[in-house]
Amino acid sequence: MTTESLAELVRFAPDVYGFRWVNHVAMFIVTDAGVLLVDANGQVNPRTPALIKEAIRSVTAQPVKYFVYSHSAFDHSTGGAIFADTARFVGHRNAVEPIRAAKDPTTPVPDIVFDKPTSLELGGRKIDLHPADLSPTDDYVVVHDPAGRVAMFVDLIQPRNVPFRTLLGHPERIVERLSWLEAKLDFDVIVSGHATPQMSGTKQDIAEQRGYYRDLTDAIATARAAGLAEGAPEMTTLVRSILHPKYGAWRRFDEFLALNIQGMIAWRAGKAPAAH
Ligand SMILES: [Zn+2]
């Protein structure tokens, strides 16, 4: 078999690093007054947070001062307690209850919470935190480091991946927020918290994600105009044949297309699909 890389430490920009374990990526920013870390990714492998701690120590002696939750989902949020000796825990207000309810001693409840854009300052470096605001219950945070020209938006911008299952929010709202990201935030590199097929992208990848939502919407409209029933297998077949030339090579196209269609229809009908 070919050699498989399970873990790696990468640099996205000067002083901005990523640590990957299989398909989960944590990001950290090093300053001379401490480190800001996003996510510990300790659910799939409980030892990942310790690997992240050691990876940080391999590039700086500075301690982690801020641990930022990209959102509450446990594959990304688990395991930050290993940084509790030096770090404050930061997250969206909506992330507090799910994390508290889980009662996982390895995953501290955030004690710096916000629901409006805010900033953290570390060693003269200002790191901006923007609520993704996909819905009233959404707890995703867009992390932006203007100095490093890097942004991180976990799950929503995975280059060359179709969106997750039934979509992580109302499709029009997602497209709106992706446009905002492209137009208003200054960065060269976007990090998605996942690694397959690539750990980072550019504004071009965001435009391609937006394009997918648009093309999926149009293909569903075409299927409706052809008289096919909402979400029926025939609709999926036609939508697949329309989208396949452009998106067939994207990760999880076959796995998630039918769910993407169901999600698109449900969100537009004013029903949030069942939790992902
Ligand atoms: Zn994820």
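Which residues does Val143 touch, not counting residues up to four places away in sequence? The legends below take this question first. The structure is a predicted model, in which local features need pLDDT of at least 70 and side-chain atom pairs count only at pLDDT 80 or more, while totals for chains, interfaces and linings use all residues. Residues are numbered from 1 along each chain as its sequence is written.

**View 1. Surroundings of Val143 in the nonpolar core.** Val143 touches Val38, Val68, Ile127, Leu129, Ala151 and Met152, where contact requires C-beta atoms, placed from the backbone, within 7 Å. Val143 is also among the residues with the most contacts inside the largest nonpolar core, which has 67 residues, and others of this group include Phe28, Leu37 and Val68. Such a core is a set of buried Ala, Val, Leu, Ile, Met, Phe, Trp, Tyr and Cys residues joined through C-beta atoms within 7 Å; buried denotes 20 or more other C-beta atoms within 10 Å of a residue's own, exposed 12 or fewer, and partly exposed the range in between.

**View 2. The open sheet of seven strands.** The strands follow the order S1-S2-S3-S4-S5-S6-S7 with mixed pairing, two strands being paired if DSSP finds at least two bridges between them. Strand S1 (7–13) and strand S7 (112–114) stand at the edges with a single partner strand each, so one side of each lacks a neighbour in the sheet. Within this sheet, S3 (residues 24–31) and S4 (residues 34–38) run antiparallel and are joined by five bridges, and Phe28 has Leu37 as its bridge partner in S4.

**View 3. The hairpin of S8 and S9.** Strands S8 (residues 118–122) and S9 (residues 125–131) run antiparallel and are joined by five bridges, with Arg125 in S9 as the bridge partner of Leu122. Two residues lie between the strands, and Gly123 takes a positive phi near 55°.

**View 4. Helix H4 and its buried side.** Helices (H or I, at least four residues) and strands (E, at least two) are DSSP runs, numbered from the N terminus. The buried residues of H4 are Pro171, Ile174, Arg177, Leu178 and Leu181. They cover an arc of only 125° around the axis, which puts them on the same side of H4; the arc is that of the directions from the helix axis to the C-beta atoms. Glu172, Ala183 and Lys184 are exposed on the other side of H4, whereas the cover over the buried residues includes strand S10 (141–145), helix H5 (203–225) and helix H7 (253–268).

Definitions and conventions:
Contact = placed C-beta atoms within 7 Å.
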